[in-house]
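These entries record what I looked up in the structure. The order is that in which I took up the topics.

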Amino acid sequence: MEERKLITRKIRPYIVGFICLLCFYSYEFIDDFSNHYYTTLDHHKKAKNNRTLALNKVKEFAKGSIVYSEYLEQKSITDATWKEYQKVKQEEKVFGFRSLQLFWERFGLFLGFFAYALFNLFRSFYFESKNIGNKVLHGFIISVCMFYFFWIFQQFQDFPKIAYYAMTFVSAGVVVWTVYLITKYQGHYINKLKKTISQLAAFSFLNTRDEKKPEMFELFRELSED
């Protein structure tokens with residue numbers, strides 16, 4: 001029974017990771033729109049073109065009239081306001097998003113996921129160094145965040161998706177490896193400090209009078225708790 005619980009606990013992160021994989025990337029297997037959508041859109045475009053042809057005939061027929069002069073005047077005003085709108089629209093954009101709010105909606109969300117996964121990845125290396133499943137799970141979440149960071153900040157809309165995925169997994173691997181090196185270095189440093197403290201404690205024990213040893217033990221207890 002205990003062995004079964006241990007096995008379940010070990011494979012649980014892989015199951016969660018697989019579920020996350022389905023949730024994050026399953027949209028790739030779904031078409032953007034249905035065939036019916038594209039059919040109706042094509043019919044609308046054709047009808048719109050026919051309408052434009054008919055409207056051009058009306059304009060040609062009305063040339064020289066007062067109504068046509070009024071139309072030209074309003075068209076000039078409309079074109080000027082449209083240009084002003086387009087200018088302001090471009091100024092509002094942030095990394096391809098229409099506004100700062102829309103940019104931060106996506107970036108802030110995945111920045112939070114990234115911070116969460118990075119924090120738990122550090123914890124995994126510190127407190128569960130032999131639990132590979134947790135590292136895989138949080139490494140995967142980091143890779144998803146990296147994917148969306150590339151998508152948010154990329155400047156070329158025709159960037160190949162395969163390049164996204166390649167950069168995603170490479171960058172996520174670099175992050176995980178960096179965390180591993182940092183925790184490994186800090187682990188060596190902490191072990192070195194513990195060894196130094198142990199040597200100091202042994203030296204102090206041998207060279208401290210018996211009546212002072214309780215105070216010495218209390219001091220080392222406080223240091224170990226800090």
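Leaving aside neighbours within four places in sequence, with which residues is Ile142 in contact? I listed Phe114, Ala117, Leu118, Leu121, Ala172 and Val175. I note here that the model is predicted.

**Entry: overall fold**

I counted 7 helices and 0 strands in the chain. From the N terminus on, the elements run α-α-α-α-α-α-α. The chain has 226 residues, of which 21% are buried. I also looked up the contacts with a separation of 6 or more, and found that 62% of them join residues 24 or more positions apart. The accessible surface of the chain is about 18000 Å², and carbon and sulfur atoms hold 64% of that area.

**Entry: the nonpolar core**

I returned to Ile142 in the setting of the largest nonpolar core, which has 26 residues. Ile142 and Phe149 touch the most other members of this core. At least two residues of the core come from each of α1, α4, α5 and α6 (161-206). The largest share is that of α5, with 11 residues.

**Entry: helix α4**

I compared the length of α4, residues 100-127, with expectation. Its 28 residues should span 40 Å at 1.5 Å a residue, and the end C-alpha atoms lie 39 Å apart, so the two values agree. I then noted the buried residues of α4, among them Phe103, Phe107, Phe110 and Phe114. Asn120 and Ser124 are also on the buried list. In general, residues three or four places apart on an α-helix point the same way, because there are 3.6 residues a turn.

**Entry: Lys135**

Is Lys135 buried or exposed? I recorded Lys135 as buried, because its relative accessibility is 11%, under the 20% limit. Lys135 lies in helix α5. Not counting residues up to four places away in sequence, Lys135 touches Leu121, Ser124, Phe125, Glu128, Ser129 and Lys130.

**Entry: a nonpolar patch on the surface**

I found a nonpolar surface patch formed by Ile11, Tyr14, Ile15, Ile19, Ile132 and Val136, with about 530 Å² of accessible area together. The elements that give two or more residues to the patch are α1 (2-25) and α5 (132-153). The most comes from α1, with 4 residues. Ile11 is found in α1, and I recorded Ile11 as partly exposed because its relative accessibility is 40%.

**Entry: salt bridges**

How many salt bridges does the structure hold? I found 3.

- Lys46 and Asp42 meet through their side chains at 3.5 Å, N to O. Both lie in helix α2 (residues 35-62), 4 residues apart, about one turn of the helix. Lys46 is partly exposed at 48%, as is Asp42 at 37%.
- Glu60 pairs with Lys63, the closest N and O atoms being 3.3 Å apart. Glu60 counts as exposed at 51% relative accessibility, whereas Lys63 counts as partly exposed at 47%.
- Lys75 pairs with Asp79, with the closest N and O atoms 3.0 Å apart. Both are in helix α3, 4 residues apart, about one turn of the helix. Lys75 is partly exposed at 38%, and Asp79 is partly exposed at 34%.

**Entry: Phe95**

I noted that phi of Phe95 is near 50°, a positive value in a residue other than glycine. Most residues other than glycine have a negative phi. Phe95 is found in the loop between α3 (66-92) and α4. At 44% relative accessibility, Phe95 counts as partly exposed.

Methods. Residues are numbered from 1 along each chain as its sequence is written. This is a predicted model: local features need pLDDT of at least 70, side-chain atom pairs count only at pLDDT 80 or more; totals for chains, interfaces and linings use all residues. Side-chain values use heavy atoms; hydrogens and water are left out. The expected span of a helix is 1.5 Å times one less than its number of residues. Buried means under 20% relative accessible area, exposed over 50%, partly exposed in between (1.4 Å probe, protein chains only). Patches are made of residues with over 30% relative accessible area and no salt bridge: like charges are joined within 9 Å, nonpolar side chains (Val, Leu, Ile, Met, Phe, Trp, Tyr) within 5 Å. Accessible areas come from the Shrake-Rupley method with a 1.4 Å probe; for residues, only the protein chains shown count as cover. A salt bridge is a side-chain nitrogen of Lys or Arg within 4 Å of a carboxyl oxygen of Asp or Glu. A nonpolar core is a set of buried Ala, Val, Leu, Ile, Met, Phe, Trp, Tyr and Cys residues joined through side-chain atoms within 4.5 Å. Contact means heavy atoms within 4.5 Å.
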